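Q: Please take a close look at a single part of this model, and keep the account plain.

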Amino acid sequence: MGVKKTDIVLLDDKGIRCDGRKIDEPRNIMIKAGVLKNANGSAYIEFGENKILAGVFGPRDVHPKHLANTDRGILRCRYHMEPFSVSERKNPAPSRREIEISKVIKEALEPAVMLENFPRTVVDVYIEVLQADGGSRCAALDAAAVALADAGIPMRDMVSACAAGKVADTIVLDINNEEDQEGQADMPVAYMPNLEKVTLLQLDGVLTPAEYKKCIETAINGCKIVYEIQKKALKDKFFGDMPQ
């Protein structure tokens, strides 16, 4: 990431971004819980042009047995991009980036999941990226957290994720693919809204101390917006048919 020569106007003189949004405006977000009948919990998210499915299985026995933890459960996450998820066909084998994002998502979810409640078991989270745009790791995290809640896995709090970044010397919320490619910084953040704790913070790019602080605040504001949409998805799943 860095300042590159481009014909795209990332931010015009009226403060409007290349996709028509204001600097503090997220892309359109839609989440639906309970979309897979064969999973214990599941969710589908559209976050801008990202389209992602998450399925949760467990808690269930660990195989092979020697991997089991006698004191707590294990959380396993797999982030996988379908070959057709990007403009040029992707090799279906796991890439280095997918392995890294799988690890990042697992570590962002672990503080929320009460693994001590089910020792010797494993909870598997499978994430399939059907269509990728900028910010797919945050969108995947949002879907995975809803799928865990849909599965009834005990959690201390929801995990909500959103990125902020620096574009045309301005801190903006939820950078899209063009801003990710041509902008100056990208900061994905995952946050537990009720506990007010950050579970993921990455930074690609260079920020001043003041910009760094503003970028975190902007991303957390985005997480709070996502949290409301996550709550609505779960309410619609479990209480959608109840009379008002």
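Which residues lie on the one side of β6 and which on the other, and are they buried or exposed?

A: This is a predicted model, in which local features need pLDDT of at least 70, side-chain atom pairs count only at pLDDT 80 or more, and totals for chains, interfaces and linings use all residues. Residues are numbered from 1 along each chain as its sequence is written, and side-chain values use heavy atoms, with hydrogens and water left out.

On one side of β6 are S160, C162, A164 and K166, on the other A161, A163, G165 and V167, and all are buried. Buried means under 20% relative accessible area, with exposed over 50% and partly exposed in between (1.4 Å probe, protein chains only). The strand spans residues 160-167, and eight of its eight residues are buried. Strands here are DSSP runs (E, at least two residues), numbered from the N terminus, while helices are runs of H or I with at least four residues.

β6 is joined to two strands, β8 and β7. Two strands pair if DSSP finds at least two bridges between them.
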